[in-house]
Amino acid sequence: MSEQSRRPRRPAKPYRRPQRDPVRILAFEALRAVDERDAYANLVLPPLLRKAREKEGPEKFDGRDAALATELVYGTLRRQGTYDAIIAECVDRPLREVDPPVLDVLSLGVHQLLGTRIPSHAAVSASVELARVVLGDGRAKFVNAVLRKVTQDDLDGWIAKVAPPYDEDPEDHLAVVHSHPRWVVSALWDSLGGGRAGIEELLAADNERPEVTLVARPGRATAEELLGEEAAVRGRWSPYAVRLTEGGEPGAVTAVQEGRAGVQDEGSQLVALALANVPVEGPDEKWLDGCAGPGGKAALLAALAAERGAVLLASEKQPHRAGLVAKALRGNPGPYQVIAADGTRPPWRPGTFDRVLMDVPCTGLGALRRRPEARWRRRPEDLDNFGPLQRALLRTAIDSVRVGGVVGYATCSPHLAETRAVVQDVLKQRPETELVDARPLLPGVPELGEGPDVQLWPHRHGTDAMYLALIRRTG
């Protein structure tokens, strides 16, 4: 018998069950829903958090758990492009060959390592435990090996390694550094009009967590009432806006629960206010919101119309979204009507309305800070699909307004192909129209450009990148 065979064998390590971490499991589930079902995090996360708060025992969430889960989901989605480039440097295969669930666990781990203050050892350990729970022990070893490579540098160090130099390829450099697809960087840069500082500020603003902004619906609530809420401050530009700082929960606000106030970005409020306040020639009794879903602008317009004795017709093509509009308008102090109708084939007669808002479907590139996953879903060819619809809806809006009335064309995208190009193309064929300078109708708002249209920006105005052109029908 050899010496080696006489040595006592070391006892095998007993199997240890993986430690369940409810916060990270919930974050992983949210990311899988975004990836597998093309869901949006802002729609998926709230019900998951609500369910976690209702649980009993160790998996019940408190406020800190909810805040961490939210940061993990949104932080990972916002920086996905940067993190993918870093992970690609740390794996031994093309990134497309890494199973998507594994990539989600890795991305969550990288965000904890490079985007939070969680200590490195805790971030790696928690990610490996998550992998053991949701992927199994074999792939957990792969996660452990990759994340240990990531710990060898900080975010700035990794970016220096994986991003091409700005002087060699400025768009690709900005795409990696600020986690935007290259084509989006190029489009936003064109809309801004050049200059490195502006585009860097805009891309950085897209990766900041936006404040929750409320709107006090006129005749039903006031900004002063909302300012009584904890951590509430006045909006920057809209007299009806109140911002909840420090992650305030809008669902806990009584006026929001009762429908007297709502969650609405200040840029959207400004668009509605500008249309409501632009002078019209003649009567001012019939207003139209031609793409009303999900109802934020319609609710504000209906309340403003009621104060003046006017009536709002809110039209939305999709029946389920028309239902959301009806819910938003419920309790409005004056008369209104909600219908499900195709705005390109409207059931109303031409020349019916005094004011028309057409907030058209678009790529949503102006709201990337709220829907970070949208930047990875959109493709340049989407513009070809939206363009004809946007032009058709604007033509309908002009047909629908009477002579002397005004149309507001709005998008939540700053892409020139969805903003000025649409307006210019349609107005070339409609000599009976003229552009109205929208800038005076946003009093106090700086840096509105040369006009007559208006483009808002997250980095300049703290709003979504809303676009507005006001068009008067003259004949």
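Author: On a 1 Å grid over the protein atoms alone, a pocket is an open set of points with protein on both sides within 12 Å along at least five of seven lines, whereas a cavity is a set of points where a 1.4 Å probe fits but cannot get out. Lining residues have an atom within 4 Å of a point. Grid points are joined across faces, edges and corners, and a volume is the space filled by probe spheres set on the points. This is a predicted model, in which local features need pLDDT of at least 70 and side-chain atom pairs count only at pLDDT 80 or more, while totals for chains, interfaces and linings use all residues. Residues are numbered from 1 along each chain as its sequence is written, and side-chain values use heavy atoms, with hydrogens and water left out.

Reader: What volume does the second largest pocket have, and which residues lie nearest its centre?

Author: The volume of the second largest pocket is about 340 Å³. Its lining consists of 15 residues, and Val34, Asp35, Leu77, Gln80 and Asp104 lie nearest the centre.

Reader: Which helix gives the most to the lining of the second largest pocket?

Author: Helices (H or I, at least four residues) and strands (E, at least two) are DSSP runs, numbered from the N terminus. Helix 6 gives the most, with 4 residues. Among the helices that each supply at least two lining residues are helix 2 (22-36) and helix 4 (63-78).

Reader: How does one read the backbone angles?

Author: Most residues other than glycine have a negative phi, and most peptide bonds are trans. In this model, the peptide bond from Gly293 to Pro294 is cis, with omega near 0°. Another cis peptide bond joins Gly451 and Pro452, where omega is about -5°. As for phi, Ser179 has a positive value near 60°, and Ala231 has a positive phi of about 60°.

Reader: Are Ser179 and Ala231 buried or partly exposed?

Author: Buried means under 20% relative accessible area, exposed over 50%, and partly exposed in between (1.4 Å probe, protein chains only). Ser179 is buried because its relative accessibility is 0%. Ala231, with a relative accessible area of 26%, is therefore partly exposed.

Reader: Where does Gln264 lie, and what is it in contact with?

Author: Contact means heavy atoms within 4.5 Å. Gln264 lies in the loop between strand 4 (261-263) and helix 15 (266-277). Leaving aside neighbours within four places in sequence, Gln264 is in contact with residues including Thr213, Gly296 and Leu300. Gln264 counts as buried because its relative accessibility is 5%.
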